[in-house]
Amino acid sequence: MLYSALINVMVKAARRAGRSLKRDLGEVEHLQVSLKGPANFVSLADKRSEEMLYTDLAKARPGYGFIGEEGGNREGADKTHTWIVDPLDGTTNFLHGIAQFAISIALKREDLIIAGVIYNPANEELYIAERGKGAFLNDQRIRVAGRRKLGECVIACGLPHIGRGDHELSRCEMAEIQNKVAGLRRFGAASLDMAFIAAGRLDGYWERNLQAWDMAAGQIIVREAGGIVSGFEGNDDALTSGNVICGNEYVHAELLKILQPLGK
């Protein structure tokens, strides 16, 4: 399949960094048995992935800004374009040798995300989208699921861990949703949760306290697959608020109706 030069740049960068992460995953699986554990190794893998992505993207598009989870904000001469990158989304999964992690790359022009790539090197799944051109998984067009009743839906969520988030609110949200859906899931990588929405594997997803790099690529991929992405106000930008609800228009509306009052 023929993609634009922009998408080709993003895919090439993701695949190169992905090969490094896949090798590192093999090392992590060996390190699990040690008392020290693989935490320091994974931190280095994360940073190495980001530097590889920065190098490749900067070479292909000199002057673009770069926002990465590890390296912070690197301003470029071109103030209208900014890469938003998570070099290893699902770090805790990766740390435990669980193959649910991804590289996430988005490009923002002015205030609009115009392209996104999410790549899981462990299973070679590559999700891409470019504004106005649809969403794809490994060259196949994808669409959000069509279910309209929550009772038939599988919904994903985030769960705050030690030292982060509002645990009581999270428990309230889960209790409300559990009573209304066919299944509730927690996979541990926001970008892939959103990619699964786009591919119709999940019907809905919500999470609080995320960063822009967790969601930027996922946002355009879900939208280009026909889905709705917002914060908890319904008409706000998830990238700004840090909170996300997504699904098809019916599921998104139902989740919003349940979750919005709980956070007031």
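## Two helices meeting

Helix α4 (residues 167–178) packs against helix α8 (residues 249–259) at an angle of about 130°, and their axes lie 10 Å apart. Axes here are lines fitted to C-alpha atoms, for helices over the stretch in contact, with angles running from 0 to 180 degrees between N-to-C directions. Helices (H or I, at least four residues) and strands (E, at least two) are DSSP runs, numbered from the N terminus. So α4 and α8 are oblique to each other (angles under 35 degrees count as roughly parallel, over 145 as roughly antiparallel, 65 to 115 as roughly perpendicular and the rest as oblique).

Who does the touching? On α4 it's E173, E176 and I177, and on α8 it's L255, I258 and L259, where contact means heavy atoms within 4.5 Å.

## The largest pocket

The largest pocket has a volume of about 740 Å³. A pocket is an open set of points on a 1 Å grid over the protein atoms alone, where a 1.4 Å probe fits, with protein on both sides within 12 Å along at least five of seven lines; lining residues have an atom within 4 Å of a point. Volume means the space filled by probe spheres set on the points, which are joined across faces, edges and corners.

Of its 32 lining residues, H161, R164, R186, E207 and L210 are the closest to the centre.

## The second largest pocket

This one has a volume of about 270 Å³. α6 gives the most to its lining, with five residues.

## About the model

This is a predicted model: local features need pLDDT of at least 70 and side-chain atom pairs count only at pLDDT 80 or more, while totals for chains, interfaces and linings use all residues. Residues are numbered from 1 along each chain as its sequence is written, and side-chain values use heavy atoms, with hydrogens and water left out.
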